[in-house]
Amino acid sequence: MAPFFAFLPYTILAVSFLLFLYHFTKKKKFLWNLPLLGMLLEFLLNIDQIHEKITQILGANMGTFLLKGAWLGQMDTLITCDPAIVNCVIKEKFSGYHKGDEWRKRFEFFGNHSLFNTDFDEWKIHRNTFRSFISHQQSQQAVAKTIRRILENGLIPVLEQSSKQCQVLDLQDLFKRYTFDFASSMVTGHNPNSLCIGLPKNPVPEALDDAWEAIILRFLLPESLWKLQRWLGLGKERKMSGGREVVDGFCAKQISMNRKKLSEGKTRISFEDEEGFNFVNCYLTGNEENSPKVSNEVIKDNMVNFIFATADTSSTALTWFFWMLEKNPIVEKKIREEIERNLPKKGDGKNIRLFQLEELNKLIYLHAALCEALRLFPPAPIQIRTPLQSETLPGGHCVDDKTNVLIFLYGMARMPSVWGDDCLEYKPERWITEDGGIKHEPTHKFFSFNAGPRICLGRDIAFNLMKAIAATFIHNYNFQVLENHPVTPTLSVMFRMKFGLLVKVRNKSA
């Protein structure tokens, strides 16, 4: 026991010092740059509220500051929420910035041949593939049919059972299942039916969540440390490795199934057969500019890209949107009134009502409310680029190929200089013009769908996906978040809720 008591005073002193640092760093508006550690220690001390801490520092530094990396492999990072810098990096000088090797090392889970991870000529090839699929004449029809089928056969039975049995539902999990079933249907032609009564285990979205949480730590920790964790199979790195096996297995099975169907007589996509029109077959049949000899690895990487770009972002946005409705009941009331005013009831009004996508285009206030949720809670709150050479950015900030530029969307939404003095308010009206239309903000200001040449190709699909379930839910059901349920973001690349969003649902006609 003697050695223990000998070190006890030093342990108490060290813990007390760390607690002092923790409470002190909550209040100050600058970062310590320590020898060897750079600014890493302070970020770790503020890990539980890192989004707010970065926003606070950005506000005190005119929207941009330099984060000094730790010794042993971390680059310096210029963190910004200045729309002028975003416009320069993402649009005006797009060819002078890339995601680069440092990005790909951290996002290796998503493959080396995906739209998400590639640059330059290879990126253009993948983008053309996505564009040819999304813009195809059959795509809109497939989107509409798939959404309606999932709502009718998946969502409604789950909500009805929950309403009748007074069950608690996690809306975040519900939305993940809805968007995953949609994305999987569009990508593979197969609906996994994860959104069904009983809510079975959903391994692929769970694997993606694990990956997002591991990847954010790769940006916060020195490279040598997270690589050691990966080698030893510890912590988040172990979970991400296991998740990759799950995702690889899912993709391999779906590619094999589609190859088998084609070998049995379908040599090209058959638009008379709904199962024939899917993203995997876009590769396998040599449709448009794709080669029929493309490797399974390329197909797999871009399958994962399509799924997370469609499912993870939309489900995250929907979760925060419904939380905003809980906090702002007047907004929910206005959406209900808009639906009733623009989409008259059919029959006696007691049956569950589903809406056609073209009907949803009339719901301007719903669209504005979704935009406002996306502004305040961007699903992917950071974007990173690395310059190819030395560059002086707007505001006089100098960067080079050893400096990352991190665009912090969460902070941009909370800057009065960008969105006005009411920037912290959830205010859908800011998105509506005087003549009652949707106000279109510059993409380097409203950056939730990216901007410039990399702007999201699936923006319209995302809005259809979100509006369809939001209108169905709000028109047919009431919901209430459980009292004292904690709502806070998890530490992840995706802006997920750490504890989900637990609610009780009641059919309005019950």
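**Helix 8 against the sheet.** In this predicted model, helix 8 (residues 171–188) lies across strand 4, strand 9 and strand 10, running at about 55 degrees to strand 4. Contact means heavy atoms within 4.5 Å, and angles, from 0 to 180 degrees, are taken between the N-to-C directions of axes fitted to C-alpha atoms, for helices over the stretch in contact. Helices (H or I, at least four residues) and strands (E, at least two) are DSSP runs, numbered from the N terminus. Residues are numbered from 1 along each chain as its sequence is written. Because the model is predicted, local features need pLDDT of at least 70 and side-chain atom pairs count only at pLDDT 80 or more, while totals for chains, interfaces and linings use all residues; side-chain values use heavy atoms, without hydrogens and water.

The 3 strands are ordered 4-10-9 with antiparallel pairing, where a pair requires at least two DSSP bridges. Strand 4 (168–170) and strand 9 (477–481) each have a single partner strand, so one side of each is left without a neighbour in the sheet. Strand 4 is joined to strand 10 (residues 502–507) by 3 bridges, and D170 stands opposite L502.

**An aromatic pair within helix 12.** F279 and Y283 lie 4 residues apart in helix 12 (residues 279–284). Their rings are edge-to-face, 5.3 Å centre to centre with 85 degrees between the planes (Phe, Tyr and six-membered Trp rings pair with centres within 6.5 Å; planes under 30 degrees apart are stacked, over 60 edge-to-face, the rest tilted).
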